[in-house]
Amino acid sequence: MPRNNAATAAPLLEVEDLACWFDISPPLMERMLEGKPRQILKAVDGVSFSVARGTTLSIVGESGCGKSTIARLLVGLHKPTRGSIRFSQGAHGALRVQMIFQDPYASLNPRWRVGDIVAEPIRTLKLRPDEAATRRRVDELLSLVGLSPADGRKYPHEFSGGQRQRISIARALATEAEFLVCDEPTSALDVSVQAQILNLMRDLQRKFGLTYVFISHNLSVVRHMSERVAVMYLGRLVEEAAAETLFADPRHPYTRLLLDTIPDLEAPNRHRQPMGGEVPSPIAPPPGCTFHPRCPLVREACRKGRPDLRLMPDGARLACIATQEAEARLAVPA
Amino acid sequence: MTHSAAEARGATPLPSPAARPVLEVRGARVEFPTRRGTLVATDGVSFDIGPGEILGMVGESGAGKSLTGMAVIGLLEPPGRLAAGEIHLDGERIDNLPPRRRQAIRGRRIGAIFQDPLTSLHPLFTVGRQLVETIRFHLDVSEKEGRERALALLKDVGIPAAEERINHYPHQFSGGMRQRVVIALALAANPSLVIADEPTTALDVSIQAQITALLKRLCREHGTAVLLVTHDMGVIAETADRVAVMYAGRIVEIGPVLDVIRRPRHPYSRGLMASIPGLRERAERLNQIEGSMPRLTTMPPGCAFHPRCPEAGPRCHVARPMLAAVPGEVTSAACWLHQGGVTRAAQ
């Protein structure tokens, strides 16, 4: 399977300067009476990336960093405030996009039989000429995700969390989707079940050339799944690189701290610095680089100007004034 | 309970620290009577925790790890009940105490930390008020002394500007800070045992590390025994001294945390460890344990893991192995592999 080829292959998805702002101001009367200002939550603020066909881009970050908002923007559940999302042509005309949600209990209609849940997109999009062909396709999809055709007659409550996530995947594939946005697809599952679902997702990717955007806070899962990884902090990308590069040589201080804080089963209690402080409120982010209050490399420039996400010589992108400077010095000896 | 009954329930003496254990659980069996018969949720659960020791308890949802914690605090949701077994705290049997005396133990001698800090705190009282009330309920101190102790506790759990924060309401704290307040509440009366049920699951990774480090430091400083219930093997690896792996209501393996992680002896623990994606290198496929944990209503005979076990033999289908020390090791496992092989017929 091709890896780390995001730069060469034609991108399936190109996102440019994407922003999504939410107006969370108090009601007008309250603002007038108490002199409160308008409040804008910049959940996503100027994010650009692209995803090559047949690969996985993971977006990682802590709660409130905007990763789930990006997922919802990609499938059209939110309207972007600014910026563009461009998909390339799919095999059947417009590219079909589907989403896998975190909670397999909330994302399946409890009153429908599983067979009907999976058949709905086929019927709505008229992908099969008649009911018999639709049924055959449903049976095929259920087998594909490791369930049996007989399971189509059951209701969602008869299945475990892992099996429900298999049903969600079957429903997504029923649309002949080529691009799946997966928002924390395994974080509600137990580890042994998580392994089953992750293996299934990679098998399907290989078999059908699927493209994934994978949203997760679990870095070891991300490492396992992705060709490229983007790290988000308060609505912006701080680093984006090939997975191998990012895990072997994290450059942004936030990425480093994030990697440093996760427990490592192979070397527990290694010497590490627990990250001090907490993520600031996205309503009133700090000026300059939003990470500067927690950053060990902070300098005067970081408090004033916001760093751009710059393309580095090795194809990674990085938004850190201190690291960019240091790398530039090393590259051009005085 | 007679000696032989204890043996039958798998109450094998465990490797315990030199000091007298703070908590001893012997053959705990939690049952839920239902219209269609009695469901046995946990059975033969036995373990010790010494002073200042952290015992991690891992397993999948429904394995019985939270129920075990609840049985120890005496907060099993009726009709669930502890049908057999004994629970000793500081050498005193507590599972058969009347509810009133049981309540006096909760909070005073056993502290509790739950997953969601917001539901553990009352939204309409300041954290200071809640701390002082808890302290004065359990300890004979004046309002002023209570407040001093509350302040000291908040400082101890690392709340910045504690003098000011003591007058704030729970919603004014972030998730991580709230969990610190809950830890302060759990430690308010200086208990000898703390039950921490998924204390970091609702928190972000960077905050998780802060909370586990705090829990570990406090437990060492105060000599508090901790039962850490979680599904996150990473948290266990970083925090616990020993770990008990639960499957289908039973402890299948218990031993020093590094031994269990590096050399798991029970096939289930082995599968569990191998299914966690590594940070160091990337495997093409993750190891997966086929199938899922049996439901309480359809528990297989013999070893509950045999339908999913790659090494199961005829003996596993008919006889259920008890927890016993693996020959030559500190770790105990409930598996015929280490008790004479899987092929020998049951006696």
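This is a predicted model: local features need pLDDT of at least 70, side-chain atom pairs count only at pLDDT 80 or more; totals for chains, interfaces and linings use all residues.

As to confidence, chain B has a mean pLDDT of 88, with 93% of its residues at 70 or more. Residues 1–17 of chain B have a pLDDT below 50, and this stretch has 32 contacts in the model beyond near neighbours in sequence.

Within chain B, consider the pair formed by helix α5 (residues 127–138) and helix α6 (residues 143–156), both of chain B. The axes of α5(B) and α6(B) come within 9 Å and cross at roughly 115°, and the crossing is right-handed. From α5(B), the contact is made by Gly128(B), Leu131(B), Val132(B), Ile135(B) and Arg136(B). The residues of α6(B) in this contact are Glu143(B), Gly146(B), Arg147(B), Arg149(B), Ala150(B) and Leu153(B). By class, the contact of α5(B) with α6(B) has 5 nonpolar, 4 charged and 2 polar residues.

The contact between the two chains takes 33 residues from chain B and 30 residues from chain A. On the side of chain A that touches chain B, two or more residues each come from α6 (191–208), α7 (219–225) and α9 (253–261) of chain A. Of these, α6(A) gives the most, with 7 residues. This side of chain A has 13 nonpolar, 11 polar and 6 charged residues. For the complex, the predictor gives an ipTM of 0.78 and a pTM of 0.84.

Chain A also holds an open sheet of 3 strands in the order β2-β1-β4, with antiparallel pairing. Its edges are β2 (40–52) and β4 (82–87) of chain A; each has a single partner strand, so one side of each is left without a neighbour in the sheet. From one strand to the next the twist averages 15°. Strand β1 (residues 11–23) of chain A pairs with β4(A) over 5 bridges in the antiparallel sense, and Glu14(A) has Arg86(A) in β4(A) as its bridge partner. Helix α2 (residues 67–74) of chain A lies across β1, β2 and β4 of chain A and runs at about 65° to β2(A).

Definitions and conventions:
Residues are numbered from 1 along each chain as its sequence is written. Chains are lettered from A and ligands numbered from 1 in the order in which they are written. pLDDT is the predictor's confidence in each residue, from 0 to 100. Two residues are in contact if their C-beta atoms, placed from the backbone, lie within 7 Å. Two strands pair if DSSP finds at least two bridges between them. Helices (H or I, at least four residues) and strands (E, at least two) are DSSP runs, numbered from the N terminus. Axes are lines fitted to C-alpha atoms, for helices over the stretch in contact, and angles run from 0 to 180 degrees between N-to-C directions. A crossing is left-handed if the near helix is turned anticlockwise from the far one by less than a right angle, and right-handed if clockwise. Ala, Val, Leu, Ile, Met, Phe, Trp, Tyr, Cys and Pro count as nonpolar, Asp, Glu, Lys and Arg as charged, and the others, Gly among them, as polar.
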